[in-house]
Amino acid sequence: MKSRRIFFTNLFGISLSTLLPISAFAKVQKKSIIQENTKPKKLKKGDTIGLVAPGYAIKREILEKAKDTLREMGFVPFHTDRILGNYGYFSATDQERAADVNEMFSNPSIDGILCARGGYGCTRIMHLIDYENIKKNPKALIGFSDITALANGIYKETGLITFHGPVGSTLNDEYTIEQLEKVVMHPKKKVLIENVKLEDEELLNNPEFERYTITQGKATGKLVGGSLTLINALIGTPQEIDFTDKIVFIEDVEESPYRIDRMLTQLIEGATFKNAVGIMIGVCKGCDKPPKPESFTLKEVILDRLKPLKIPAAYGMSFGHVANNFTIPIGIEATFDADNMTLELLEKAVS
């Protein structure tokens with residue numbers, strides 16, 4: 001893992017560590033592992049958006065609907081024939097899916113990249129992604145769920161700001177489209193992101209959509225995160241997320257409370273999660289199973305696991321496997337207000 005490697009340069013058989021004071025060597029080592037942020041160019045009407053399916057296969061009718069939505073937004077959709085393939089539950093082989101991502105970055109006619117859907121498969125292609133190519137051709141990559149691995153991995157390996165936002169199959173909601181455009185098309189020096197107003201009685205009475213503060217306060221730091229399952233799946237890989245001084249955003253879908261408990265516990269007992277400055281949880285849809293006498297509710301698990309960390313935290317923000325999603329730029333400095341449940345981006349996410 002890059003963050004744990006120590007690079008030694010030998011000179012006439014003498015290591016760099018013996019030539020420099022410990023403090024000086026620490027500075028050299030630190031400099032070698034810090035990746036400067038790169039912001040992709042903002043998207044505008046008329047731009048070509050490359051669609052990829054780096055995980056599960058996508059049905060043709062859902063793909064066509066996504067393309068129609070992109071056209072309505074003023075974009076020109078593009079994809080290769082690989083996107084409609086089927087290889088087991090994947091859209092194509094690992095090599096083909098990685099090639100699709102790599103080619104979208106290297107293709108000069110592509111302005112931004114939208115993942116058509118999530119599912120599973122991104123962790124299988126992380127070692128096949130051409131990170132040097134991405135550094136040379138930075139572009140906005142947008143998606144969530146399984147795309148958590150790709151988005152955070154690319155950010156860690158290249159410093160490129162990526163976007164936890166809709167995938168093609170969920171780009172069908174006015175609020176979601178508005179939030180995406182606000183971040184990637186019409187950037188401002190500061191952007192205040194607020195939760196969608198819930199009016200549906202069914203949602204208002206659903207405990208999974210309850211909004212509550214876990215620990216009061218404000219936190220400022222860079223944003224990282226996404227699907228809890230995929231965050232955990234990156235542990236032990238070269239793309240493992242470093243949570244130090246970060247605002248961590250989390251969501252998941254169809255996971256029992258005990259599984260949420262297990263994954264949060266793994267993070268808490270890990271190397272850097274305790275060093276996070278804030279935790280912002282979206283809607284964990286389908287994760288509050290009917291209570292049993294011997295079970296905990298989702299809320300009880302979250303409070304039990306996260307409150308002892310004593311950092312600003314809240315549950316119920318407008319992102320996740322739900323209809324209304326705001327777009328979160330991974331790697332951008334932001335302030336999270338756990339009391340008012342708002343997120344303020346402190347810099348533009350695109351150039």
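Predicted model: local features only at pLDDT ≥ 70, side-chain atom pairs only at ≥ 80, totals over all residues.
Strand β10 covers residues 218-227. Seven of its 10 residues are buried, so the strand is largely enclosed by the rest of the structure. It pairs with two other strands. Strand β15 (residues 333-337) runs antiparallel to β10 and is joined to it by five bridges. Within this pairing, T220 has T335 of β15 as its bridge partner. Strand β11 (residues 246-251) runs parallel to β10, with six bridges between the two. There, G226 stands opposite I250 of β11.

Helix α6 spans residues 147-158. Its 12 residues reach 16 Å from the first C-alpha to the last, close to the 16 Å expected at 1.5 Å a residue. The helix is mostly covered, with 11 of the 12 residues buried. Among the buried residues are I147, L150, I154 and Y155, and also N152 and E157. G159 follows α6 and has a positive phi, near 85°.

Helix α7 (residues 174-184) contains T176. This threonine has a relative accessible area of 1% and is therefore buried, as the cut-off is under 20%. Leaving out residues up to four places away in sequence, T176 touches P166, T170, A323, N324 and N325.

Salt bridges were searched for across the whole structure, and 13 were found. One of them joins R97 and D94, with the closest N and O atoms 3.1 Å apart. Both residues lie in helix α4 (residues 94-106). They are three residues apart, about one turn of the helix. An α-helix has 3.6 residues a turn, so residues three or four places apart point the same way. Both partners are buried: R97 has a relative accessible area of 2%, and D94 has one of 13%.

A second salt bridge brings together the side chains of K299 and E210, at 2.8 Å from N to O. This pair links distant parts of the chain, 89 residues apart. K299 belongs to helix α11 (residues 298-306), while E210 sits in the loop between α8 (201-204) and β9 (212-215). Both residues are partly exposed, K299 at 31% relative accessible area and E210 at 32%. K299 has a further contact. Its charged end sits over the ring of Y212, 4.6 Å from the ring centre.

E255 and R259 form another salt bridge, with 2.4 Å between the closest N and O atoms. E255 is buried, with a relative accessible area of 9%, whereas R259 is partly exposed at 30%.

The search for aromatic pairs across the whole structure gave eight. In one of them, the ring centres of Y89 and F90 are 4.7 Å apart and the planes meet at 75°, so the pair is edge-to-face. F90 is buried, with a relative accessible area of 3%. F90 also pairs with Y120. This second pair is tilted, with 5.7 Å centre to centre and 40° between the planes. F90 lies in the loop between β4 (76-78) and α4, and Y120 lies in the loop between β5 (112-115) and α5 (131-136). The pair therefore ties together parts that are 30 residues apart in sequence. Y120 counts as partly exposed, at 32% relative accessibility.

Ring pairs link Y56, Y89, F90 and Y120 into a cluster. F90 has a charged neighbour as well. R97 lies over the face of F90, 4.3 Å from the ring centre.

Terms used:
Residues numbered from 1 in each chain as written. Heavy atoms only, no water. Buried < 20%, exposed > 50% of the residue type's maximum accessible area, 1.4 Å probe, protein only. Helix = DSSP H or I, 4+ residues; strand = E, 2+ residues; numbered from the N terminus. Pairing = 2+ DSSP bridges. Contact = heavy atoms within 4.5 Å. Salt bridge = Lys/Arg side-chain N within 4 Å of Asp/Glu carboxyl O. Phe/Tyr/Trp six-rings, centres within 6.5 Å; stacked < 30°, edge-to-face > 60°. Lys NZ or Arg CZ within 6 Å of the ring centre and 35° of its normal. Expected span 1.5 Å × (residues − 1).
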